[in-house]
Amino acid sequence: MSAGLDSRLVMQRDGFRLDVALGIDPGETVALLGPNGAGKTTVVGALAGLVPLDQGHIRLGNRVLEDADAGILVGPAERRIGVMFQDGVLFPHLSALENVAFGLRSRRMPRREARRRAAGWLEAVDLGPLSGRRPGRLSGGQRQRVALARALITEPSMLLLDEPFSALDVSSRAGLRRLLQDHLAGFQGPRLLITHDPTEAFLLADRLIVLENGSVVQEGSADQIRLRPASPYAADLAGVNLVVGTASGRILTVGNHRLVVHRHHPSPGHLHPSRSAWRQPAKLMANQDRADRSPCRSGPSPNR
Amino acid sequence: MTEYHEDSIRNPSRRSGGRSRTVRRPRRPPAFIAIPAAIGLALFALPVLGLLGRAPWRRLATLLGSDLAQEALRLSAISSVGAAIISLLLGVPVAWMLCRYDFPGRSLVRGLVLLPMVLPPVVGGAALLFALGRRGLVGSPLYEATGLVLPFSTGGVILAGVFVAMPLMVLTVEGGLRSLDHRFERAAETLGAGRWTVLRRVTIPMIAPSIVAGIALTWSRALGEFGATLTFAGNLQGRTQTLPLAVFVALESDRDTALALSLVMVIVSLAVLVALRDRWWRSR
């Protein structure tokens, strides 16, 4: 049942080009991070079958969902990919219960059985007593829980979570995150988490992918991205500063400034000639003249 | 990407959010609003009041029981409801095409659809006659093939009603479709719903207020239709003489009957519009 995702997504529209090769193992959670307009939501649309690819392919195990060259295109209704949309996108005219039951009813399950299962799922996301409410009378966090139950009830082969936390306040974020952690653990297929919040990505994902301007800038674990951010955006994500200059030994030249890399750095001898990550810019500035006591950290960057 | 771009996606739809809108309303409208508004309201209210004041209340039952009145009432009920149903069945697909598909000449088609709204109804009726009359462009082969004659028949009354009223259906439904967030239909698709299920369980229920408003508007427009009906279908008592035509005829000869029939139209139309407003429009 559980099969990995293998895809290459190429789409070109209005001067924007998305070109991403994305593979996710069964049971693996990959977080896709990127600034607004990087193409994150387009990736969701492509994988879900809502926007056709211009080139490339999408395969789940041995099922070909889309192959632009071969002209294969499986519609969104037949892909069995569960999507938890940004802001939930619950049907406003249906109750929480009917929203969750929607996927089963669409697959022609009898109403009574669909409702019974939906009620079970609402219990599982701690919303049992609110099953009769319409989305307009649920809080943001409650709506996202309904959206999660609605996506999972159809037993999809892959799960896409598009910015599940973006509309929530801090306390409902924590609640939803715990719930997601529980349910993701029980979900066997590949999972893709779209977010621009590094904390959520670090906490929920096994692997991070940074997307900028339609292409992958960096891929790896949270630590790898923190130590060796490949772009200013990736550095911002990890809370470090990216200083780009020319390195020679432990001296980094940035414009007119010469910086000495701290001796406690894990591998100062391997300072990459073009880019390094620095923390605490204020201290960096203050210590410029006595650079040998600079508190900065740096590291070699991954090859591009 | 044009349709599924993050910026358009990020805007939460009016419908999806349950957050309360805080509208601050000043206690009293300023004079430069209140005075013209009062004059405007008076323009709406005075004719109705005039009608109510002059209405022959005691003889109402007898007047409405006359053959002329009975036949006009029956004909108007049939033709206005018929026109509203046909406008629904044809107007919703037209609105759908205009809203969802990009095809060459779309702006021309939209202009064509809205033309009956700005055209004098008499001209519309004449145009219908040239097209669908027994010697008309389409009417002639239609007659040859089926023996069907639309002008000066009840069918012609309905057709004239559809012609003048359907633009209102197209306009309201297209507006509803346009303001519907595409993501609801997409979410339904990812949940395994085919096109028909999406239409039946998501799109139609979500644009239902627009559809109901469209029905109300087309029905009342068809009920009040005069010019196109007279030109295309004529003024035959019992066949094509609807309420407005009967009122017009009665004004010459039997003023009290005209008043009684007018009263019926005012009350019925007002009742429907007020009821719909409570049920659908206020809740939006």
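Tutor: Of the 304 residues of chain A, 46% count as buried. The model is predicted: local features need pLDDT of at least 70, side-chain atom pairs count only at pLDDT 80 or more, and totals for chains, interfaces and linings use all residues. Residues are numbered from 1 along each chain as its sequence is written, while chains are lettered from A and ligands numbered from 1 in the order in which they are written.

Student: What makes a residue buried?

Tutor: A residue is buried if 20 or more other C-beta atoms, placed from the backbone, lie within 10 Å of its own. In chain A, 46% of the residues count as buried.

Student: Why is helix 9 of chain B called roughly antiparallel to helix 10 of chain B?

Tutor: Helix 9 (residues 182-190) and helix 10 (residues 195-206) of chain B pack at an angle of about 160°, with their axes 10 Å apart. Angles over 145 degrees count as roughly antiparallel, so helix 9 of chain B is roughly antiparallel to helix 10 of chain B.

Student: Which residues make the contact of these two helices?

Tutor: Helix 9 of chain B contributes F184(B), E185(B), A188(B) and E189(B), and helix 10 of chain B contributes V198(B), R201(B), V202(B), T203(B) and M206(B). Two residues are in contact if their C-beta atoms, placed from the backbone, lie within 7 Å.

Student: How many residues does each chain bring to the contact of chain A with chain B?

Tutor: Chain A brings 36 residues and chain B 25 residues. Helix 1 of chain A gives the most to its side, with five residues.

Definitions and conventions: Helix = DSSP H or I, 4+ residues; strand = E, 2+ residues; numbered from the N terminus. Axes fitted to C-alpha atoms, helices over the stretch in contact; angles between N-to-C directions. Parallel < 35°, antiparallel > 145°, perpendicular 65-115°, else oblique. Buried ≥ 20, exposed ≤ 12 C-beta atoms within 10 Å, placed from the backbone.
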